[in-house]
Amino acid sequence: MANPHSADIVVVGAGIIGVACALQLARQGRQVLVIDAQAPGMGASYGNAGHLATEQVFPIADLSILKRLPAMLFDPMGPLRLDWTYLPRALPWFVRLLLNLRPTRYRRTVAGIRALNEASLGAWQRLLRSIGQPQLLREEGSLLVYEHAESRTALDALQQRMQQQGVPVAFWSAEAVHTAAPQLGEAIRGGLFFPATGHFLDPYQVVSELVSAAKALGVTFLQRRVVDGRVEDDGVSLMTDKGAVTARQVLIACGAHSAALTAALTGKRVPLDTERGYHLMLPHEHQRLPFAVTSLERKFIMTPMADGLRLAGTVEFAGLERPANMQRAWQLHRLSDGLFRQPLDAADATPWMGFRPSLPDSLPIIDRVCDAKVLLAFGHQHLGLTQAAVTAEKIAGLAGGEEVPGLQAYRLERF
């Protein structure tokens, strides 16, 4: 019988998670339609740090955030920034974040992040091989460096915590660091090397290659804004700025913009907020680093890519509406001063800001609700790129009616 709907399943969101899910769903023989207000990959997926961050198994904040609150409010260039005008809206979210730092919930969060991260590298290997593009991922590890003698205690404590969580990690002396990355400056005293990580040469190209593979399987992409939706007896109806779309199922994977549609379809209001992240792309820096390097004290990451060196990091809580403060992007270049033997070339550099979708327990929602008519895949905070491929595998299972094990921690019902 002909399908009376626009598609078997509509994916709302054309970022890395939505596109990866669409490809896996199409491989099941499903008729898939992807809708996004922007062109594929032009949201947070365009400008992320490019780091496959399997080592980052801890929540986005710990109890030290209380000590840092004054700096968050008064230092506009600090690594963690809370906009004064956004404080009333952000306060309930931060209260929930603090409640999730209680021991039992904290351990549950770490276990949930670790479970996804441990499966992420293998999932990405399978996905990239399946589209004939394994070279887009460099599996050469990553490095966290420190400069000050007093930071060694914190570094050792972090290494111990990571080893307790089964994260592959090794301490590197200053000599080992400079042997592997000779352009780093003499101020570097050593660091932690994470061998089971990697970096993407061009995150946007990764999305583009997945889009091409999905289109080859018949996936359709529409650039529209979804403004409302409702669950019907035989599926889901979505209202867009260019008309209605219907499907047997819908997958909400539109990142920081997912809360309103989730509420409309499920009746659940999820405490989703956004970490505004910035990057500065240096197009004339191609040979500085062999892998991604993060500074412990300066709290930002530098990732070598096909188009240059990307400096990324900092977190800003200011919501979805306020204009970007691009001085935060340019601040990343100033943070690099002294890390290299020769200063980085910022000529023709381009700044960027994007929205990372974050829930107060630092875990995503990966679920099937409303009699399997609504699927959910959002809230991956700064691990969206890392966890995209494994999330797509799990969503494909859920969409096909499977009982996918190990998803209890990511259920919508926890809210």
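Predicted model: local features only at pLDDT ≥ 70, side-chain atom pairs only at ≥ 80, totals over all residues.

**Strand β12 and its partners**

- Strand β11 (residues 226-232) pairs with β12 in the antiparallel sense over 6 bridges, and within this pairing Gly-229 stands opposite Leu-238 of β12.
- On pairing with strand β13 (residues 243-252), β12 again runs in the antiparallel sense, here over 5 bridges, with Val-236 standing opposite Ala-247 of β13.
- Of the 6 residues of strand β12 (residues 235-240), 5 are buried, that is, under 20% relative accessible area, and the strand is therefore largely enclosed by the rest of the structure.

**The second largest pocket**

- The second largest pocket holds about 400 Å³ of space, and of the 18 residues that line it, Tyr-86, Arg-89, Ala-259, Leu-272 and Asp-273 are the closest to its centre.
- At least two lining residues come from each of α4 (87-99), α9 (259-266) and β14 (273-282), and α4 gives the most, with 4 residues.
- By residue class, the lining of this pocket divides into 10 nonpolar, 4 polar and 4 charged residues.
- Because domain 1 (7-45 + 204-270 + 361-414) and domain 2 (58-83 + 121-199 + 273-358) both give residues to the lining, the second largest pocket lies between these domains.

Key: Residues numbered from 1 in each chain as written. Heavy atoms only, no water. Buried < 20%, exposed > 50% of the residue type's maximum accessible area, 1.4 Å probe, protein only. Pairing = 2+ DSSP bridges. 1 Å grid on protein atoms, 1.4 Å probe; cavity = no way out; pocket = protein on both sides within 12 Å on 5 of 7 lines; lining within 4 Å. Points joined across faces, edges and corners; volume = space filled by probe spheres on them. Nonpolar A, V, L, I, M, F, W, Y, C, P; charged D, E, K, R; others polar. Domains from an automatic or database assignment.
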